[in-house]
Amino acid sequence: MSGLTVFSDEYFMNQAFKEAEKAYQEGEVPVGAVVVCNNQIIARAHNQTELLHDVTAHAEIIAMTAASQHLGSKYLTECTLYVTLEPCVMCAGALSWGQLGKLVYAAEDEKRGFERFGRALLHPKTKVEFGILREKCSALISDFFKVRRN
C-alpha cells in the first residue's frame, strides 16, 4: 500500500477515488464518495445521474442515503464524508440537513462548488478539509470532460 495507513484521510479518499473511476467507466461525471463512521466505511457511491435519469443522483446524496439506512438515523453527526469533488449547493444543503460531522473533499469545483456561497450552507458543526488527492481527482475529471468534448 506504499505508505498509506488504514484509517488515514488518504486511504479513505483513495476509496472514494475508486468509486469515481467506476463512474468514469459508466459514462458518469467521475465523482465518488464514501461515508466513514468509527473508522469503518459504511457507504460507497458514485454519480448515477445518467443511469437513473435523475439530476439529484450525485455521489454524496446516494452515499448519505446508504449511510443513514445503515445507521438507522437521518443524522450523520459521527460520520465523515470523503468525496472526490467539492459538493454542489444541493449536496451541501443535504449534508447540512443530515448534520454531517466532517466533510473531506479532494478537488475544488470553481463553477458549481458550495464554497462560492460560503460554508454557511453546511451545518455549523460540520468540519471541512480539502485538497487530499486534489491532483489525482482533478485529473480524472479533466480527462473525462476532455474525452467527452472531442
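Is Leu-95 buried or exposed, and what is its relative accessible area? Leu-95 is buried, with a relative accessible area of 0%; buried here means under 20% relative accessible area, exposed means over 50%, and partly exposed lies in between (1.4 Å probe, protein chains only).

## About the model

This is a predicted model, in which local features need pLDDT of at least 70 and side-chain atom pairs count only at pLDDT 80 or more, while totals for chains, interfaces and linings use all residues. Residues are numbered from 1 along each chain as its sequence is written, and side-chain values use heavy atoms, with hydrogens and water left out.

## Leu-95 and helix 4

Let us start with the surroundings of Leu-95. This leucine is found in helix 4; helices (H or I, at least four residues) and strands (E, at least two) are DSSP runs, numbered from the N terminus. Leaving aside residues up to four places away in sequence, Leu-95 touches Met-64, Leu-81, Pro-87, Leu-100, Leu-103 and Leu-122, where contact means heavy atoms within 4.5 Å.

Helix 4 spans residues 89–97, and its buried residues are Cys-91, Ala-92, Leu-95 and Ser-96. Looking down the helix axis, these buried residues fall within an arc of 145°, so they line one face of helix 4; the arc is that of the directions from the helix axis to the C-beta atoms. They pack against helix 3 (59–71), strand 3 (79–85) and strand 4 (102–107). Just after helix 4, Gln-99 takes a positive phi of about 50°.

An open sheet is formed by 5 strands in the order 2-1-3-4-5, with mixed pairing; two strands pair if DSSP finds at least two bridges between them. Strand 2 and strand 5 (127–130) stand at the edges with a single partner strand each, so one side of each is left without a neighbour in the sheet. On average, neighbouring strands of this sheet are turned by 15° against each other, direction ignored. For such angles, axes are lines fitted to C-alpha atoms, for helices over the stretch in contact, and angles run from 0 to 180 degrees between N-to-C directions.

Strand 1 (residues 32–37) and strand 2 (residues 40–46) are antiparallel, paired over 6 bridges. Val-34 stands opposite Arg-44, and Cys-37 stands opposite Gln-40. The hairpin of these strands has 2 residues between them, and Asn-38 there takes a positive phi near 55°.

Strand 3 and strand 4 pair in the parallel sense over 5 bridges, with Leu-103 in strand 4 as the bridge partner of Leu-81. Strand 4 is mostly covered, as 6 of its 6 residues are buried. Strand 4 and strand 5 are also parallel, with 4 bridges, and Tyr-105 stands opposite Phe-130.

## Salt bridges

The structure holds 4 salt bridges, each a side-chain nitrogen of Lys or Arg within 4 Å of a carboxyl oxygen of Asp or Glu. One of them joins Lys-102 and Glu-129, whose closest N and O atoms are 3.1 Å apart. Lys-102 lies in strand 4 and Glu-129 in strand 5, so the pair ties together parts that are 27 residues apart in sequence. Lys-102 is buried at 19%, whereas Glu-129 is partly exposed at 32%.

Another salt bridge links Lys-22 with Glu-19, at 3.0 Å between the closest N and O atoms. These two residues are 3 residues apart in helix 1 (residues 9–25), separated by about one helical turn. Lys-22 is partly exposed at 41% relative accessibility, and Glu-19 is buried at 4%.
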